Amino acid sequence: MSAIIKDSLFNKDISRRELLEIFGGVMAAGMLDMFTPKWAFSAPAQRPNIIFILSDDHRWDHLSCMGHPFLKTPNLDKLASQGVMFDNAFVTTSLCSPSRASFLTGQYAHTHGVKNNITPWNNQNVTFMERLKKAGYDTAFIGKWHMPGKGLPALRGLDRFISFTIQRGQGRYFNCPLIVDGVDTPSRKEYITEELTDYGLEFIKQKRDNPFCLYLSLKAVHHRWLPPEDLKGIYSDVKDLGLPKEADNWLGFVNNHIIYGTLGSLDDMYRRYCETIVAIDRQVGRLLDNLDSLGLADNTVVIYAGDNGIFWGEHRLVDKRFAYEESIRVPFMVRYPGLIKSPGKRLSQMVLNIDLAPTILDLAGLKVPENMHGKSIVPLLASRDVSWRTSWLYEYFLDFPYTVPGINAVRTDNYKYIEYQSKDYPPELYNISSDPKEKNNIYKNKQATQILGELQQELIRLKKESGALDM
Amino acid sequence: MEQKAFYQRVLIPIGIVMLLMILSINIYNVSPKIGLGHPALGRVISNISAIFMFISIWLGGFIALPYAFRAGATMKEKVLVCLATPAVWVAKTIYMAGSIYSGWELVYWSFNTLTIGVIGSALLNMGAAETICRLVYKSKGLIPEKVFQPSVITTFLIGLIIVVLGLWNGGTLLFYIFVDIYTMLFY
């Protein structure tokens with residue numbers, strides 16, 4: 001705009017009409033500024049680099065900063081203390097593939113189409129990585145793709161795509177063969193989390209003029225929960241694991257939990273789970289240290305999240321899928337010194353996996369497409385006083401051969417209402433505020449009639465709003 | 001060897017293992033409630049009941065077959081004795097899955113790694129228990145036949161292969177094949 005004005009005003013004779021057009025343009029530009037979010041005024045002029053670290057099955061409360069009784073995660077704690085920690089972060093479907101697709105697209109599973117671990121990824125889906133690439137970012141997806149379909153898709157908008165397809169895309173903890181930009185490549189490091197972090201660091205360290213976006217998608221801490229050699233057994237001396245009272249060592253063997261039953265007793269599996277989280281923490285530490293030493297920390301957004309939670313005996317369950325808190329609640333933290341002016345803050349607003357894509361686009365200064373169901377959390381990061389969602393839709397689709405029925409639920413700040421697509425599973429209603437462990441189903445409680453009706457209406461509204469009723 | 005009455009050859013061996021399974025499952029299922037008031041007691045009860053539950057479902061042949069063998073059961077009767085409890089357990093799991101899957105999906109589901117595994121385990125311990133019984137009774141001069149019968153060894157080997165494959169790579173090998181075939185058939 002300024003170049004045109006200069007050209008028009010100083011190098012040419014201009015008519016009154018042209019002058020009015022220029023004046024109108026300037027006014028319009030001024031008007032547009034009125035609609036620019038306030039946080040943008042204080043945001044750094046340079047577009048930020050973005051690192052998104054996604055772990056697998058990492059439950060929200062398995063961090064030392066969340067009060068875990070013995071697990072030590074100093075680097076993740078540091079990340080939280082230097083940024084914002086969301087105490088109420090959830091996934092809209094508690095299953096690896098649908099949740100991962102939701103992170104990438106900002107959409108519910110009923111829209112992006114990856115409804116379970118079998119329905120294939122539709123490559124017509126547009127990821128936020130593709131949008132960033134179009135906007136001039138250097139992009140890399142490194143790690144677990146794990147979405148159904150033959151091999152890896154020809155994802156658009158990636159400069160680097162490093163993943164694995166072995167074990168139906170689950171990969172291996174040790175010596176996992178990779179596919180590096182389409183080429184089968186043997187592992188360079190023995191342990192997968194270190195291997196993927198190495199590739200991530202190589203990408204970050206590349207000389208470039210553009211900002212970058214790294215999507216570091218870890219295999220850990222999915223079962224079989226194998227820590228690296230030097231972390232093996234670090235928690236073997238812990239006597240009181242803090243597992244729930246209703247849990248017992250045999251839960252992995254019952255209720256058709258064959259995969260879990262073959263992996264050991266609940267205590268053993270849980271110790272390995274915690275040890276494997278420590279391995280993640282260590283690699284996150286490496287990444288943060290490198291950002292510091294490269295001088296990139298101030299202009300790099302680092303986001304850490306889990307793709308879903310996991311049960312460790314709560315409700316006498318292992319695995320995930322169900323709509324209880326242990327399954328749907330994930331760690332979610334964001335560090336961005338350029339925007340977050342009061343680091344160490346913990347926010348209680350309910351944020352979702354579908355919020356990631358709009359948030360990243362917003363941070364990059366891009367328009368959030370209307371077909372994304374999520375909301376940008378940038379105003380929350382910038383400590384702006386904004387109205388936020390008070391309810392959201394949870395959905396789970398049948399995933400063969402697991403014997404968990406289809407689920408729809410609505411979660412509000414205080415309540416959760418769950419409907420199952422099976423006559424053997426009656427609906428459930430919990431007062432999360434007074435019953436955070438969801439032990440007391442008040443569905444049939446006469447005093448809860450009003451709130452039940454409201455939540456049932458809200459569930460229908462949320463389905464309608466997100467297009468779930470059209471499916 | 002003397003052949004005893006049918007109920008001694010078949011019904012009692014089946015009944016012992018079946019009763020053990022029913023009791024242990026029910027005790028295991030109430031153990032969390034006991035554990036709420038008395039955690040230590042609840043833990044002991046869940047551990048003991050779970051062990052018996054596991055034995056009755058997965059290793060019941062080692063209990064049932066020696067009874068049937070001593071009562072002079074025929075080979076067909078021994079097969080029935082060893083497979084009855086796992087079959088009932090499988091039927092129960094299929095019935096429960098019936099509230100979630102239906103039609104051909106349910107039919108296919110009933111061949112999942114867990115049901116195949118439990119049948120494989122029954123064949124494995126049937127073959128092993130029969131061979132051990134033959135070894136013991138032969139050493140006492142109570143049976144004239146050879147210890148190692150081809151049909152028994154074959155049963156043992158089939159069971160062993162199924163169990164090993166079922167446990168291979170943490171149980172994931174057969175599981176993934178099962179899901180892949182499902183994907184081909186239903187998607």
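**Exercise 1. Work out how many helices and strands chain B has, and in what order.**

Start with the count: chain B holds seven helices and zero strands, where helices (H or I, at least four residues) and strands (E, at least two) are DSSP runs numbered from the N terminus. Next, read along the sequence, and the pattern of chain B comes out as α-α-α-α-α-α-α.

A word on the source: this is a predicted model, in which local features need pLDDT of at least 70 and side-chain atom pairs count only at pLDDT 80 or more, while totals for chains, interfaces and linings use all residues. Residues are numbered from 1 along each chain as its sequence is written, and chains are lettered from A and ligands numbered from 1 in the order in which they are written.

**Exercise 2. Find the box that chain B fills and the share of its residues that is buried.**

Along the principal axes, the C-alpha atoms of chain B fill a box of roughly 55 × 50 × 30 Å. Then burial: 36% of the 187 residues of chain B count as buried (20 or more other C-beta atoms within 10 Å of a residue's own, with C-beta atoms placed from the backbone).

**Exercise 3. Describe how helix 1 of chain B packs on helix 3 of chain B.**

Take the geometry to begin with. Helix 1 (residues 6–37) of chain B and helix 3 (residues 61–70) of chain B pack at about 160°, their axes 9 Å apart; axes are lines fitted to C-alpha atoms, for helices over the stretch in contact, and angles run from 0 to 180 degrees between N-to-C directions. So helix 1 of chain B is roughly antiparallel to helix 3 of chain B (an angle over 145 degrees).

Now the residues. Helix 1 of chain B brings B:Arg9, B:Val10, B:Ile12, B:Pro13, B:Ile14, B:Ile16 and B:Val17, and helix 3 of chain B answers with B:Ile63, B:Ala64, B:Tyr67 and B:Ala68; contact means C-beta atoms, placed from the backbone, within 7 Å. By class, that's ten nonpolar, no polar and one charged (Ala, Val, Leu, Ile, Met, Phe, Trp, Tyr, Cys and Pro are nonpolar, Asp, Glu, Lys and Arg charged, and the others, Gly among them, polar).

Notes: Parallel < 35°, antiparallel > 145°, perpendicular 65-115°, else oblique. Contact = placed C-beta atoms within 7 Å. Buried ≥ 20, exposed ≤ 12 C-beta atoms within 10 Å, placed from the backbone.
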